[in-house]
Amino acid sequence: MAHHHQRVRLFGASLLAIMATAASPAFAQDAPQADAAPQDAASDTIVVTGFRAALQSAVNVKKNATQIVESVSAEDIGKLPDASIGESIARLPGLTSQRLFGRANSIAIRGASADLSSTTLNGRPQTSTGEQRNVEFDQYPSEVVSRVDVFKSPQANLINQGLAGTVDIRTIRPLDYGKELFSVGARGVYTDLGKVNADSKDKGYRLTGTYVGQFAGDRIGVSLSAAYNDEPYQSKEFEAWGYADGPDGDKVIGGIKPFGVSTQLKRLGIQGAVQMQATDTLLLTFDGFYGDFKEKQIKRGVEFPLYWSGATLVPASIGADGDFINKGTFTGVEAVVNNHGYERKSKIFSGGFNGKYTGDDGWSASFDFGYSRTDRSELSLESNAGTGYGPGNGATDTLDFVSDGKGTHFTSHQLDYSDPNLMVLTDPLGWGAGAPLGHQEGYYNNRIIDDEIKSYQIEFGKEIESGFLSKVTAGLGYVDRTKAKTPEEYVLNLANGATSLVLPEQYRLAATDLSFLGIGPILSYDPFKLLSDGVYIKTLNPSKDVPAKAYSVTERVMSAYLMANIKSDLGSAELTGNIGVLAQNTEQKSRGFVNLAAADLVPTTRGDNYWDVLPSLNMSLRFPSDFIIRLAAAREIQRPRFEDMKVSLDYGYNTASGVITGTGGNPTLRPYRAWAADLNFEKYFGTKGYLSLQLFAKKLESYVYRETAAFDYTGLPIVLPPGVTDPDGTLTRPVNGKGGKLYGFEVAGTVPFDIVTPALDGFGLTGGVGYTKTSIKPGVGAASEDLPDYSRWVANATIFFEKWGFNARASARYRSAFVGQFVGFGGERELRRALSETIVDGQIGYDFQKGSALEGLAIFLQGQNLTDEPFVSVDTGASIQIRNYQSYGRRFMAGFNYRF
C-alpha cells in the first residue's frame with residue numbers, strides 16, 4: 001500500500017509545483033489588471049468551445065458562488081467517457097465513487113459515507129432506488145443533464161442539505177440557455193472481456209437527442225432531451241466465503257463462489273422543461289424527468305465448500321507472510337454449480353413547477369412544488385446443480401489450490417463441471433432441508449421499493465441598501481416522504497415432486513468458461529427460462545422472517561428560514577456572502593411487524609418528533625487581483641438510512657440462559673449532527689482557471705451506531721416459555737451515539753497552460769488531491785478507518801489538449817483503501833475493506849470547424865478503465881485474505897454528436 005501513498009504525494013507535489021509556476025506571474029500582473037481591461041474586452045470575442053468551455057463554465061460557477069461549491073457543466077458531461085453523471089462527479093475535487101459492475105454508482109464527499117450526503121434535482125429532494133437515501137447515479141444518463149453542482153457548505157435556504165455535501169443535478173432551462181439547439185448523437189460500445197457468458201453480448205449502443213427553442217419573442221422556451229442505451233457490462237469475479245482457522249491455527253480458505261457475470265443495461269431517460277416569461281417580473285417554469293432503468297444479469301459459477309465442509313485438507317506451503325496456507329490439496333469436495341439470475345427494474349419520475357417574481361422595487365418571491373417517485377423491484381433468482389441430491393450422495397472432486405493476491409484458484413481438478421449427466425438440477429448439499437418440502441433447488445427473492453416525495457417551498461426577499469446587507473430572505477418549506485419495502489420470497493422446487501433432474505437438452509447453453517478459476521467450462525442455462533416454462537415451481541416461504549422484513553417509513557419535515565445576503569466594501573476588497581438560520585421540525589413514523597419467537601406477527605407503528613436549529617455563515621472576501629478568501633461555518637444534519645428507522649423487531653429467547661434477545665430498527669432514531677467549518681484560499685485567472693487550497697473540519701456530535709444493549713421487553717406481546725421469567729434482555733439496533741472529528745484539506749485547480757506561456761495554448765490540467773482524517777469509530781471496538789466509504793486520500797487529474805478542432809484528454813482518479821458497501825443475498829448490506837484503486841480513462845476526438853462541409857459534426861473515441869484496474873476487497877487487517885476480486889476489463893466507445 002505504501003506505493004499508493006507515494007503516488008498521491010507525487011501527484012500533490014506536481015500540482016503544487018504547477019500552482020507555484022502559474023500563480024507567480026499571475027500575482028505579478030495583479031496591479032495593472034484594471035488598465036488591461038480594454039484588451040480583456042476585446043479578447044471576449046474569441047469563442048471557446050468544447051471541454052475548455054465546460055471548464056470555464058464550471059470555474060465561473062465556483063468563482064461567483066456564495067457557497068463553497070464544485071461544478072461540472074453540460075459540455076463536459078456527455079463528452080467525457082462517462083456511462084452516467086456519477087463518473088463526471090467523481091472527478092471533482094474531494095469526491096470519489098464506489099463502482100458497481102464497473103460503473104460509478106455512489107458518491108462519497110470528503111471521505112464521508114454516501115449516506116451522509118443528499119441529492120436534489122433542480123433543487124428538489126429526490127427519491128432513491130434502495131433502502132438508503134443517497135441516489136444511485138447510474139440511474140441518470142449524463143446526456144440529459146445540463147450541470148451538476150456539489151455544495152460543500154450549506155446556507156439557510158438549502159433546506160434539503162446533507163451533512164457531507166449536497167449534489168444538485170440541473171437540467172436545461174430553455175430561456176436561460178438563450179439560443180436554439182437541435183443535436184443528435186450515437187455511440188457504439190465494446191467491452192474487451194468479450195462474452196463472459198456465451199448467451200451475452202459484448203457490444204452495445206447509446207442514442208441521444210436534444211432540442212432547445214425559444215418562441216413568442218423569447219418569452220416562451222421549450223427544451224427536450226432523451227437518451228437511450230442498450231449496452232453490456234462483463235466481469236470475472238472471485239468471492240470467498242471467508243478464511244478458517246486451519247491446522248496449527250494457520251488461516252486457510254474456507255470456501256469460495258466465483259462467477260462469470262454478464263449484465264445487460266437498458267436505460268431510457270427523458271427530460272423536458274417549459275418556461276414562460278408571463279410578464280417582465282414573473283417567470284414560470286415546468287420541468288420533468290422520467291427514467292426507465294432495466295438491468296438483467298446472469299451469474300454462472302461454482303461454489304466450493306472447502307475447509308468449512310467435510311473436505312480433507314493437505315497443506316503444501318505457508319505464505320511468506322506466515323500464518324496463511326497458500327497452497328495445498330482438498331479431497332472429497334462436493335461442489336454446487338450456480339446459474340443465478342438478477343433483474344433490477346426501476347422507474348423514476350420527478351418534476352415540478354416554479355414561479356418566480358422579481359419586482360422593480362426590490363421585492364422578490366418564489367413558489368416551488370416538486371414531486372418525485374421511484375418504483376423499483378430487485379429480483380434475485382438462484383438455481384443450483386450438483387452431482388447428487390443431498391450431502392454425501394454425489395461424486396466428489398480433488399482440487400489442488402493456490403491462494404494469492406487474486407483470490408484462490410485451482411491448478412488441477414478431476415470432475416467435468418459442464419457434463420449435464422453429471423451435474424444435475426438438485427439440492428446438492430441439503431441446504432434446503434428446512435424448506436416446506438424438505439429440499440429446495442433454488443430460491444426466488446424479490447425486493448420491492450416504493451418511494452414518494454412531495455415538496456413545497458415558498459420564499460420572499462427584499463433588497464436593501466444598508467451598506468453591509470444587500471438582501472433579506474425568508475421562507476417556508478415542507479417535505480412529505482414515504483418509503484416502503486415489500487419482500488417476496490419463494491423456494492424453488494422441481495416440478496412433480498422431483499428431487500433431481502438431468503437438464504433437458506433444449507435448455508442447455510454453450511458452457512461458460514471459468515478458466516480464470518482453473519476449472520474450465522461449466523453447465524450453463526437460463527434460470528428465468530426454467531421458471532417460466534414450469535421446470536421450477538415456486539413454493540411460498542412460510543417463514544415469519546420474510547414479512548418481518550417489510551416496513552414503511554413516513555417522514556414529514558417543516559422548515560422555516562431567515563437569511564441575509566452580505567455585500568460590503570472593505571478597502572479595495574469586496575465582502576460577499578450570507579448569514580442565516582434554518583429551523584426544521586421532523587415528524588417520523590414507522591410501520592412494520594414485531595416478529596415473536598412463538599406467536600403471530602404483530603403490526604406495530606412507532607415514531608418521534610424533534611426540532612433542529614441550523615445556523616450557517618458563508619463569507620467571501622474578493623480582492624481586485626481575482627484572489628478570494630472564503631470562510632464558512634454551519635451546523636449540519638443528515639437523517640439516517642430508512643432501514644435503520646424501521647420499527648420491525650425480531651426477538652426470541654434462549655431457554656438455557658433464560659435471556660431474551662432481539663434485533664431490529666429504531667423508529668426514534670435522530671439524525672447525524674455536526675458543526676462544520678471551511679476555510680478556502682482561491683486564485684482565479686479570469687474565468688479560464690483557478691488554484692485553491694481548501695481546509696475543512698467537522699465535529700460530529702451524533703453518529704448512528706449498531707449497539708447491543710439491555711432492553712426491557714415488558715409490554716410487548718411476548719409469551720414467556722418455561723425457564724424464562726425475566727422480561728429484561730438484550731436488543732441489537734441502531735442508536736445515536738457520540739461521533740468524532742472529520743477534517744482535512746484539498747488542493748485543486750484548473751490550469752490552462754497558456755497562462756504560463758502562449759506556446760502551450762490549448763493544453764491544460766484540471767484536478768485535485770484531497771486528504772481526510774477521522775476519529776469517528778463506526779462501531780464498538782471498530783477502528784476509525786472502518787468508517788464506510790472513508791478513504792484517507794483521493795486524487796483526480798485530467799490533462800487535456802483542445803485546439804483547431806482536435807481534442808484529446810486523459811483522466812485518472814485514485815482513492816486509497818476504504819470500507820465498501822456490498823449487497824449480499826436478500827439485498828442486505830455488507831461492509832468489507834476495499835483496496836486502493838486508480839481508474840484511467842481517455843478520449844480523442846475532432847470537431848469539424850466553421851466553414852467545413854461537416855460543420856457541426858464531432859467524432860470521438862473513448863476508453864474506460866484503460867489499465868483494467870480490478871476492484872479488490874479483503875478481510876479487515878489481513879491484506880492477503882482476498883474476499884472479492886472483480887475484473888471488469890476495458891470499455892471502448894466510438895461515436896458522434898451532430899448539432900444542426
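This is a predicted model: local features need pLDDT of at least 70, side-chain atom pairs count only at pLDDT 80 or more; totals for chains, interfaces and linings use all residues.
## Strands E2 and E3

E2 and E3 form a hairpin with 2 residues between the strands. Phe-101 takes a positive phi there, near 55 degrees.

## Helix H3

Helix H3 runs over residues 50-64 and has 15 residues. From its first C-alpha to its last it reaches 22 Å. That is close to the 21 Å expected at 1.5 Å a residue.

H3 is mostly covered, with 11 of its 15 residues buried. Among them are Gly-50, Phe-51, Ala-53, Ala-54, Leu-55, Ala-58, Val-59 and Val-61. The buried set also includes Arg-52, Lys-62 and Lys-63. An α-helix has 3.6 residues a turn, so residues three or four places apart point the same way.

## The open sheet

An open sheet is formed by 5 strands, in the order E1-E6-E7-E4-E5. Its pairing is mixed. The edge strands are E1 (69-73) and E5 (124-125), and each pairs on one side only.

Inside this order, strand E4 (residues 117-121) and strand E7 (residues 165-170) run parallel. They are joined by 5 bridges. Ser-117 stands opposite Gly-165 in E7.

## Phe-330 in strand E15

Phe-330 lies in strand E15, residues 325-333. Its relative accessibility is 0%, so Phe-330 counts as buried.

What is Phe-330 in contact with, leaving aside its neighbours within four places in sequence? The list includes Val-252 and Ile-253, then Leu-306, Tyr-307, Ala-311, Thr-312 and Leu-313. Asp-397, Thr-398, Leu-399 and Phe-401 are also in contact with Phe-330. Pro-315 is 15 residues from Phe-330 along the chain, and their C-alpha atoms are separated by 8.6 Å.

## A nonpolar surface patch

Phe-367, Tyr-456, Ile-458, Phe-460 and Leu-476 make a nonpolar surface patch of about 440 Å². Strand E21 (residues 442-463) gives the largest share, 3 residues.

Ile-458 is found in E21. At 31% relative accessibility, Ile-458 counts as partly exposed. Phe-330, at 0%, counts as buried.

Technical notes: Residues are numbered from 1 along each chain as its sequence is written. Side-chain values use heavy atoms; hydrogens and water are left out. Two strands pair if DSSP finds at least two bridges between them. Helices (H or I, at least four residues) and strands (E, at least two) are DSSP runs, numbered from the N terminus. The expected span of a helix is 1.5 Å times one less than its number of residues. Buried means under 20% relative accessible area, exposed over 50%, partly exposed in between (1.4 Å probe, protein chains only). Patches are made of residues with over 30% relative accessible area and no salt bridge: like charges are joined within 9 Å, nonpolar side chains (Val, Leu, Ile, Met, Phe, Trp, Tyr) within 5 Å. Accessible areas come from the Shrake-Rupley method with a 1.4 Å probe; for residues, only the protein chains shown count as cover. A salt bridge is a side-chain nitrogen of Lys or Arg within 4 Å of a carboxyl oxygen of Asp or Glu. Contact means heavy atoms within 4.5 Å.
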